[in-house]
Amino acid sequence: MPSPSWSKERAEAIIEAHRRREGAALPILHALQEAFGYVPEDTVPLIAEALNLTRAEVHGIVTFYHDFRHAPPGRHVLKLCRAEACQSMGGDALAEAAQARLQAGWGETTGDGSLTLEPVYCLGLCACAPAAMLDGKPVGRLDAKRLAALVDGARR
Amino acid sequence: MPLVQEIDFGTPPSKAEKMVSLTIDGFAVSVPEGTSIMRAAMEAGVQVPKLCATDSVDAFGSCRLCLVEIQGRAGTPASCTTPVAPGLVVSTQTDRLKQLRRGVMELYISDHPLDCLTCAANGDCELQDMAGAVGLREVRYGYAGDNHLTAVKDESNPYFTFDPAKCIVCSRCVRACEEVQGTFALTIDGRGFASKVSAGMAEPFLESECVSCGACVQACPTATLIEKSVIESGQPEHSVVTTCAYCGVGCSFKAEMRGDELIRMVPYKDGKANHGHSCVKGRFAWGYATHRDRILKPMIREKITDPWREVSWEEAIGRAASEFRRIQETYGRSAIGGITSSRCTNEETFLVQKLVRAAFGNNNVDTCARVCHSPTGYGLKTTFGTSAGTQDFDSVDHTDVIMVVGANPTDGHPVFASRMKKRLREGAKLIVLDPRRIDLVRTPHVEATYHLPLRPGTNVAVLTAMAHVIVTEGLVDERFVRERCELDEFRDWAGFVAEERNSPEAVEKTSGVSAELIRAAARLYATGGNAAIYYGLGVTEHSQGTTAVMAIANLAMATGNIGRPGVGVNPLRGQNNVQGSCDMGSFPHEFSGYRHISDDATRALFESLWGVTLDGEPGLRIPNMLDAAVTGSFKGLYIQGEDIAQSDPDTHHVTAGLEAMECVVIQDLFLNETANFAHVFLPGSTFLEKDGTFTNAERRINLVRKVMAPRQGMADWEITIALSEALGFPMRYRHPSEIMDEIARSTPTFAGVSYEKLAAEGSVQWPCNDKAPTGTPVMHINGFVRGRGKFVITEYVPTDERTGPRFPLLLTTGRILSQYNVGAQTRRTENVVWHEEDRLEIHPHDAEQRGVRDGDWVSLASRAGATSLRAFITDRVAPGVVYTTFHHPMTQANVVTTEYSDWATNCPEYKVTAVQVMPSNGPTEWQEHYRELSEKTRRIAAPAEAAE
């Protein structure tokens, strides 16, 4: 996983690399999250200045997309699908099981900092519902047992 | 007198010419193509329920209340986002629509406080109205679900509150901030149920990018964004349409009243200058009218070291008159004079100059335009034949290239700047000539194509170099020049500008602007389509101010950018009525309508009208009056609404002149700085307390209407009449409209102006006469007023004010959004939260060299004097240039400015002063001395003491 500590210099370099693209805000935000694991609040004025937007506008973009994090994540990120197909295949129970096992709510990180649990609305894996994604890798046909093995393995 | 209710059509008008006919609820209606069904319905008199739509912003389609049914089309489209089409048959009220609307309202109300009776918007709430309109009778969802009712109120802005608990997230505020104001300070934070309006990055409004223009408050349909004055005093019950008394934009406002208490000022949609927009000054900064510092009783004193003594109007007026007559008997008829005010009405200004010419019997009358746009008057009269700008503000909507020279519209003329920014967002190009990186150079969604950061004092060199490029690269509009201008003068001028010494390469060193940049800017101006020049005091307040105005006029003529919408030469005039005060004959050499006083026919006209003999020799200008006072031949001065001790250059010289006079009569709202040297104080009235007219920068004559009685008993025009009467020259007017009638009778460009016409038309732009009965938005359409346009050779002569070892930096001065000029009014409002002191902007390089840190006290010294203030380190100014504002009397930036002035008009060279900046410990000796003097001379004797 990426380093959670951010630096202004690195952020500025990332912004500089994308600022001339058309519709540069989203590529910049993705690149920042890629580099730091989240979009540090202090980068918002830097993006605004570079793209000649206001802080308000960039703030509006960042907060509109749930995918952009406002704080560093744990060492691993589990995105559990909460959409209709997965719900119909037992997704709700799975979600409860995951929260209980990790002692973490949606968007929260386990006490030891090892894993962040996030909801996601459809990974396009409805045929293998219920589905999830661990550190960018899709997993399907989950049940409580397989989920436990998955997170325990990652946290080890 | 009820509240003036304006119709909200829901969506902006379409500019299309093609008409479309359709049927709405059985009514046939024809509207321009592109009109929304919602607006068409309103035109037909049918109001479709709505929440997120308002006609100041584009349709958004989010509230789902304005649904309609269209015959032959499926579904229930939103009428705000659906354009009309030929032959549509629309129903706005069906059972299905009723059900849908009630359902939507139930959802809104399930998450809204049920506190209508104690809500500040009670009686002026669109949510409340819509609940009534859709027949809401119950909320099936209950009120126990998730809600926003505990969201915390933001009261950081001094003038309005933001209560997110009452917000329905219609985004009207966000869109108004973007589309109307162009600031983009607001956004929607989050999405779905979590959506909320956010200033900046979820900051308090005051700390965000918000400029407090009030557009969001205006757009809000609920009590979410509401004026604190309404929260405190309740809803207004009647309103009067009037004109703002701050800058030269001349915005129309509804003064909304409860009894004689002003509750709020609301921008008026029908205002031709502002079209329903406002800025922080006009919208909110009117509290000075009732400030405790306001003087409400006339006062006199023998010597300026005495305390003031409150007296009756009769005694004060009598004292002024007898002193003026004594001085004239002792020192001669020319030993007294008057200064008219660009803050007062046309009628009041006309009376003061009439008083001077007819009752004083001389022409010693001048006005503060002397120190701002007198070069505009002179320069444009010489080249075009009229002392005024050529366009209306609406012209900017047709402009392709905007060139801003020595002006800072976002601070100085904010409402017009918003319109300019809108046009720039639509794709117009921008060229900025300014020593400072003003906001327009780069501000969200606006970026100048070229910024020419010229050294202060080199306007003429750069403008002439632009002309060089236009002439030598074959960019002259030859047909325009041939048909419209004097050809001999053009040829001489073309030959002059084509000389190598006027090339961009030759002036690069003097101006500090690269030749390539000058060339590129000139090419864009000449070839970019409709090009318009907007300029301000950065052009006029120089030793070559008049030359620079003529250089601008030359550029416009050479490129054919005159005589149609979208082009022209547009001086952004500073004060609400500076155009008017000039029009009204405030200058010592001119009668109203810019007719020279040596002209026998004009003089004869006024002699027969006024029944006196008039002097045919021009009188003294303000600087000459002060010079003559210092040398002892000028002894008495009547000043209406102007603070020359703070606003005029070289304060030492001004105050020496005032101190040398035997009778200074001040007519003002407050004991201003000049009053420190006065013997008679006549309390003035605010623009809320009188009838009259102001003329804005686009020559538009707007009505000023009395909304409350003068708090001190008399309107300013009545005071002048009383003084004239006491001087033995009675003036008989019962109402300012009769003064305007006299102006119209005696002034050809105003011949068609009357209060009846102004009330009927809303406003008119002069010339208004038989040839143009409803006024003239764009001038010089088929020919110049002077006949043919005259090119004038603009030889660059550097100012004598030069930097050297003792004074190595150049100081230039300006204004800031929240404060107005000397701040007599705005300093007495909550606007001080944005600007509580003047700061010195200095480049990091110059600051470092001097060991100055941000916020440090520094001394600012020139050969004229020294003051001190705190430093603000910024690269907005170039190395070698420093900048400050002149809003605060304790800084007195004009202690530093010098006596140099424009060669033609004596307009002071405020914009260039050689200075040195050094770290200091605090106020200078002069400032301490002035503070003492100021405290001493402002004493008002207690009534008992006065009686003794």
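## Model and domains

Domain bounds come from an automatic or database domain assignment. On that basis chain A is divided into domain 1 (8-64) and domain 2 (76-155). The centres of these two domains of chain A, taken over C-alpha atoms, are separated by 29 Å. Chain B is divided into domain 1 (19-93), domain 2 (160-290), domain 3 (299-367 + 578-765), domain 4 (374-571) and domain 5 (809-936).

This is a predicted model, in which local features need pLDDT of at least 70, side-chain atom pairs count only at pLDDT 80 or more, and totals for chains, interfaces and linings use all residues. Residues are numbered from 1 along each chain as its sequence is written, while chains are lettered from A and ligands numbered from 1 in the order in which they are written.

## Contact between the chains

Two residues are in contact if their C-beta atoms, placed from the backbone, lie within 7 Å. By this criterion 19 residues of chain B are in contact with 12 residues of chain A. On the chain B side, strand S6 (186-189) and strand S7 (196-199) each supply at least two residues. The largest share, 4 residues, comes from S6(B). Helices (H or I, at least four residues) and strands (E, at least two) are DSSP runs, numbered from the N terminus.

The side of chain B that touches chain A divides into 8 nonpolar, 6 polar and 5 charged residues. Here Ala, Val, Leu, Ile, Met, Phe, Trp, Tyr, Cys and Pro count as nonpolar, Asp, Glu, Lys and Arg as charged, and the others, Gly among them, as polar.

## Domains 2 and 3 of chain B

The centres of domain 2 and domain 3 of chain B, taken over C-alpha atoms, are 36 Å apart. Between them, 17 residues of domain 2 of chain B are in contact with 20 residues of domain 3 of chain B. The residues on the domain 2 side divide into 9 nonpolar, 5 polar and 3 charged.

## A sheet in chain B

Chain B has an open sheet of 4 strands in the order S2-S1-S4-S3, with mixed pairing. Two strands pair if DSSP finds at least two bridges between them. The edge strands, each pairing on one side only, are strand S2 (27-32) and strand S3 (69-70) of chain B.

Strand S1 (residues 19-24) and strand S4 (residues 89-91) of chain B pair in the parallel sense over 2 bridges. Opposite B:Ile24 stands B:Val90 in S4(B).

## Backbone exceptions

Most residues other than glycine have a negative phi, and most peptide bonds are trans. A cis peptide bond joins A:Ala129 and A:Pro130, with omega about -10°. A:Pro130 is in the loop between strand S2 (115-120) and strand S3 (132-134) of chain A. Another cis peptide bond joins B:Trp766 and B:Pro767, with omega about 0°. The loop that holds B:Pro767 runs between strand S30 (763-765) and strand S31 (809-814) of chain B.

B:His275 has a phi near 45°, a positive value in a residue other than glycine. B:His275 is found in the loop between strand S11 (261-267) and helix H7 (280-284) of chain B. B:His445 also is not a glycine and has a positive phi of about 75°. B:His445 sits in the loop between strand S18 (442-443) and strand S19 (446-447) of chain B.

A residue is buried if 20 or more other C-beta atoms lie within 10 Å of its own, exposed if 12 or fewer, and partly exposed in between, with C-beta atoms placed from the backbone. B:His275 counts as partly exposed because it has 19 C-beta neighbours inside 10 Å. B:His445, with 17 such neighbours inside 10 Å, counts as partly exposed.

B:Ile317 lies in helix H8 (residues 313-331) of chain B. B:Ile317 is buried because 25 other C-beta atoms lie within 10 Å. Leaving aside neighbours within four places in sequence, B:Ile317 is in contact with B:Ala722, B:Leu723 and B:Ala726. The C-alpha atoms of B:Ile317 and B:Ser724 are separated by 9.2 Å, although these residues are 407 residues apart along the chain.

B:Leu758 lies in helix H27 (residues 755-761) of chain B. With 19 C-beta neighbours inside 10 Å, B:Leu758 counts as partly exposed. Beyond neighbours within four places in sequence, the contacts of B:Leu758 include B:Thr693, B:Ile701 and B:Leu703. B:Leu758 and B:Ala531 are 227 residues apart along the chain, and their C-alpha atoms are separated by 31 Å.
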